[in-house]
Amino acid sequence: MTLLDSWTLGEHTADGTTHPTYRKGSGPGVVVIHEIPGLTPQVIAFGEEVVAAGFTVVMPHLFGTPEAPVGARSVAGAFRQVCVSREFTKLATGETTPVAGWLRSLARDLHAELGGPGVGALGMCFTGGFALAMMVDTSVAAPVVCQPSAPFPVGRRRAGDVNLSPADLAVVRERVAGGCQVLGVQYDGDVATGTRFETLTRELGEGFVRIDLPGRKHATLTLHRDQGAVDRVLGFFEEKLRPAP
């Protein structure tokens, strides 16, 4: 039995692009976007925790090999896929990753099916900022940004870039001003996240709820899991997606 056997394999198509998806659970929807190198055992385990907390979780498979452990081979393979794909921005600043349109469509469909105030969206590592791009669509009510690492932080400008076009950043600011908070989690010594949390604090003010964990580790919810951060993320989904009557 493999780690994904209990998940329902499907697919989602938008604008001519199709990606596989894995789905499990019941309750409000949450889209969990995997990190590099892909749907690792640790990412799947986190997805299981969100399911156990009472949510319907959809995990898109965007790159890498599902269930492959983190290692030099899997990381190198995922980087090769990412670097040749036109769906992702790698070094460009002031641009929204092209896969955002597909992810927004996925969130809209999930919200239309399940109802409620909206769905959650969580990105991590290379996909960390994707939740920001998704909240341009009003179907996303609980965006979570974990150790955002794109564009690759080569130089000061890229290190502070939040992977959004000026137009999309303006929409994110409007949504935050209207009450949609953004939760961010990072290790405060993580060089991969650059100064993006400072940018988000400046742009979003108190609407950006940041969690700065001590240390120079990276994967806040998976390989370098911090239980306090996991609990805070689950609490954020509970608060935003299943508000008290």
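**Note on the predicted model: cores, salt bridges and backbone geometry**

1. The largest nonpolar core has 43 residues, and among these Phe126 and Leu132 touch the most other members. Several elements supply at least two residues each to this core: the helices α2 (72-84), α3 (100-114), α4 (130-134), α6 (166-177) and α7 (196-204), together with the strands β5 (119-124) and β6 (140-146). Helix α3 provides the largest share, namely six residues. The model under discussion is a predicted one.

2. The surroundings of leucine 132 deserve a separate entry. When residues up to four places away in sequence are not counted, leucine 132 touches Val145, Val162, Leu164, Val172, Val182 and Leu200. Apart from the core to which Leu132 belongs, there is a second, separate core of 33 residues, whose members include Val57, Cys146, Ala229 and Phe237.

3. Turning to charged side chains, the structure contains ten salt bridges. One of them joins arginine 23 to glutamate 113, with an N to O distance of 2.6 Å. Arginine 23 belongs to strand β2 (residues 17-25) and glutamate 113 to helix α3, so this pair ties together parts that lie 90 residues apart in sequence. Arginine 23 has a relative accessible area of 28% and is partly exposed.

4. Strand β2 is also involved in a further pairing, between lysine 24 and glutamate 48, where the closest N and O atoms are 2.8 Å apart. Here too distant parts of the chain are linked: lysine 24 is in β2, glutamate 48 is in helix α1 (residues 41-52), and the two are 24 residues apart. Glutamate 48 is partly exposed, its relative accessibility being 25%.

5. Arginine 242 and glutamate 238 form another salt bridge, again with the closest N and O atoms 2.8 Å apart. Both partners are partly exposed: arginine 242 has a relative accessibility of 31%, and glutamate 238 one of 32%.

6. How are α1 and α8 placed relative to each other? Helix α1 packs against helix α8 (residues 227-241) at an angle of about 45°, and their axes are 11 Å apart. The two helices are therefore oblique to each other. Their crossing is right-handed. On the α1 side the contact is made by Phe46, Glu49 and Val50, and on the α8 side by Val230, Val233, Leu234 and Phe237.

7. Threonine 195 is located in the loop between β7 (182-187) and α7. Threonine 195 is partly exposed, with a relative accessible area of 39%. Leaving aside neighbours within four places in sequence, its contacts are Ala159 and Gly160. As for its position relative to glutamate 87, which is 108 residues apart from threonine 195 along the chain, the two C-alpha atoms are separated by 24 Å.

8. Two cis peptide bonds should be noted when the backbone is inspected. The bond joining isoleucine 36 and proline 37 is cis, with omega about 20°; proline 37 is in the loop between β3 (29-32) and α1. The bond from alanine 150 to proline 151 is likewise cis, with omega near 0°. Proline 151 lies in the loop between β6 and α5 (156-159).

9. Which residues other than glycine have a positive phi? Glutamate 67 has phi near 80°, and this residue is found in the loop between β4 (56-60) and α2. Cysteine 125 has a positive phi of about 60° and lies in the loop between β5 and α4. The accessibility of each residue can be stated as well: glutamate 67 is partly exposed, with a relative accessible area of 23%, whereas cysteine 125, at 11% relative accessibility, counts as buried.

Note on methods:
Residues are numbered from 1 along each chain as its sequence is written. This is a predicted model: local features need pLDDT of at least 70, side-chain atom pairs count only at pLDDT 80 or more; totals for chains, interfaces and linings use all residues. Side-chain values use heavy atoms; hydrogens and water are left out. A nonpolar core is a set of buried Ala, Val, Leu, Ile, Met, Phe, Trp, Tyr and Cys residues joined through side-chain atoms within 4.5 Å. Buried means under 20% relative accessible area, exposed over 50%, partly exposed in between (1.4 Å probe, protein chains only). Helices (H or I, at least four residues) and strands (E, at least two) are DSSP runs, numbered from the N terminus. Contact means heavy atoms within 4.5 Å. A salt bridge is a side-chain nitrogen of Lys or Arg within 4 Å of a carboxyl oxygen of Asp or Glu. Axes are lines fitted to C-alpha atoms, for helices over the stretch in contact, and angles run from 0 to 180 degrees between N-to-C directions. Angles under 35 degrees count as roughly parallel, over 145 as roughly antiparallel, 65 to 115 as roughly perpendicular and the rest as oblique. A crossing is left-handed if the near helix is turned anticlockwise from the far one by less than a right angle, and right-handed if clockwise.
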